[in-house]
Amino acid sequence: MRNDWLHKSTGYMKIQVTHASPETFIKECQRQGVLTWEVTFQEEERFTAYVLLTDLYKLKKMAKLLSCKIKFEEKKGLPFLLKKLSNRKGLVAGILGFIAVLILLSNMVWTIEIEGTDPAMEHEVRHVLEQMGIKKGAFQYFLPAPEIIQDNIMNELDGVTWIGVTKHGSSYHFQVVEKEIVEERPTTGTGHLVASRKAVIHDLFVEKGNPLIKPNQVVKKGDILVSGELGKEGKTTFIAAEGEVIGEFWYKVRVKVPLSQTIETVTGRTAKKHGLKIGNMTVPVWGFSGLNTDEKYKEQISKDWEIFGYKTPFSHVVTHEYELQSIDRERAQKKAVAIAKEEATKKLMQMLSEDAIITGEKVLHETVDGGKVKVSLHYKIQDNIAVKQPIIQGD
């Protein structure tokens, strides 16, 4: 039988027809559009066949038209099953209650395993997990996703380099990789400290080596600042020069900032919609209308339903809608210049070391062109300009 699933869902019947020839009956079925299959002849003017429940009204008309009798021998399919179950409400309620309890229990946390760390770190990880609500008996539906759990633990614990979070059924498994403190190895290679850029020497702190420069002296890129060669000619020794040489230098930065900008903000109007997702199809359950506007931001959270680790085709989908509004904001030129200074400073500090400090700042040029403020800034900076250069002996 083709389309077996469709026939079962709509319901079908086995009928016995008497007092009519099979040829006449089948010909009338074709004319009325009644689908029949598995026609079995029993004797003259008596045969059986299968028909759909949806064609019941047409069969009654055909029985009157052909003056034949139609007897229903079997009734199969979902409609007949539901009718039987409606007479056994207690049994249905018990089955539904059992399924509900089964789903509830299978979506709770029953096991938490932590591996790859010592007891002290394991205690800290468990403490962080409890603060996040992850403990035995917790309902998984309200817990964050494994990716979020991983990020939170790594942010909270400095001693953790990486943590793998695996969720399988009602258990959570954590694989911890602790940080290894690597002792800094002493530098064995010999070398000078040379200038990394042109600058005026502001200060120097030499730990090892022979300083060749003084404060307020101008140096070029590549000049030796602290020599790793010690002793007199013929009795020289070579070491690795160490220290810091603070040089003062200048930088020019150009930045453009628009005088107007369009920003999107939320108005405060929100809506929440609930849906039941079956496969790729989502059926709305609650909150059907949502926000009646095109300018809105949607955030969708989907929770899969599982039974003891086995994923079911059902998911609970919650869609949050936030109404947005676009605002064109005009900046005053003074405000735009302040933003340009801030952006220029950030851009500059990305190119320097963490210890660099800005000692002076000056606006060299400021123009308005094409709806933008163009600012040219001059910075005075102090930073360590010493870099190591190996000594190649024998040259």
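**Exercise 1. Classify the accessibility of K273 and E321, and describe the contact between their side chains.**

Solution. The model is a predicted one.
Step 1. K273 has a relative accessible area of 23% and is therefore partly exposed, the class that lies between the limits of 20% and 50%.
Step 2. E321 has a relative accessibility of 1% and counts as buried.
Step 3. The two side chains form a salt bridge, with an N to O distance of 3.3 Å.
Step 4. K273 belongs to strand β16 (residues 260-278) and E321 to strand β19 (residues 310-330), so the bridge ties together parts that are 48 residues apart in sequence.

**Exercise 2. Determine how E342 and K346 are placed relative to one another in helix α8.**

Solution. 
Step 1. Both residues lie in helix α8 (residues 333-349); because they are four residues apart, about one helical turn separates them.
Step 2. E342, at 46% relative accessibility, is partly exposed, whereas K346, at 53%, is exposed.
Step 3. Elsewhere, salt bridges with shared partners join K273, K296 and E321 into one network.

**Exercise 3. State how many salt bridges the structure holds, and examine the one between K14 and E73.**

Solution. 
Step 1. The structure holds 10 salt bridges.
Step 2. In the bridge between K14 and E73, the closest N and O atoms are 4.0 Å apart.
Step 3. This pair links distant parts of the chain, since K14 is in strand β1 and E73 in strand β4 (residues 69-76), 59 residues apart.
Step 4. E73 is partly exposed, at 35% relative accessibility.

**Exercise 4. Assign a geometry to the aromatic pairs F139 with F142 and Y172 with F174.**

Solution. 
Step 1. The whole structure contains eight aromatic pairs.
Step 2. For F139 and F142, the ring centres are 5.7 Å apart and the planes make an angle of 55 degrees, and the pair is tilted.
Step 3. For Y172 and F174, the centres are 6.3 Å apart and the planes stand at 15 degrees, so this pair is stacked; the cut-off for stacking is under 30 degrees.
Step 4. F139 is partly exposed at 27% and F142 is exposed at 67%. Y172 is buried at 2%, and F174 is buried at 0%.

**Exercise 5. Identify which residues form the nonpolar patch and which gather in the patch of negative charge.**

Solution. 
Step 1. The nonpolar surface patch consists of L91, I95, L96, F98 and I99, with about 490 Å² of accessible area together.
Step 2. I99 lies in helix α5 (residues 89-106) and is partly exposed, at 38%.
Step 3. The negative patch on the surface brings together E207, E244, E354 and D355.
Step 4. E244 is part of strand β15 (residues 242-258) and is partly exposed, at 35% relative accessibility.

**Exercise 6. Locate H19 and E38, and state the phi value of each.**

Solution. 
Step 1. Most residues other than glycine have a negative phi.
Step 2. H19, which is not a glycine, has a positive phi near 65 degrees. H19 is in the loop between β1 (12-18) and α2 (22-32), and is partly exposed at 48%.
Step 3. E38 also has a positive phi, about 50 degrees, without being a glycine. E38 is located in strand β2 (residues 36-43).

Terms used: Residues numbered from 1 in each chain as written. Predicted model: local features only at pLDDT ≥ 70, side-chain atom pairs only at ≥ 80, totals over all residues. Heavy atoms only, no water. Patch = residues over 30% accessible without salt bridge, like charges linked within 9 Å, V, L, I, M, F, W, Y side chains within 5 Å. Areas by Shrake-Rupley, 256 points an atom, 1.4 Å probe, with all protein chains shown as cover. Lys, Arg positive; Asp, Glu negative; His and termini not counted. Charge placed at Lys NZ, Arg CZ, Asp CG, Glu CD. Helix = DSSP H or I, 4+ residues; strand = E, 2+ residues; numbered from the N terminus. Buried < 20%, exposed > 50% of the residue type's maximum accessible area, 1.4 Å probe, protein only. Phe/Tyr/Trp six-rings, centres within 6.5 Å; stacked < 30°, edge-to-face > 60°.
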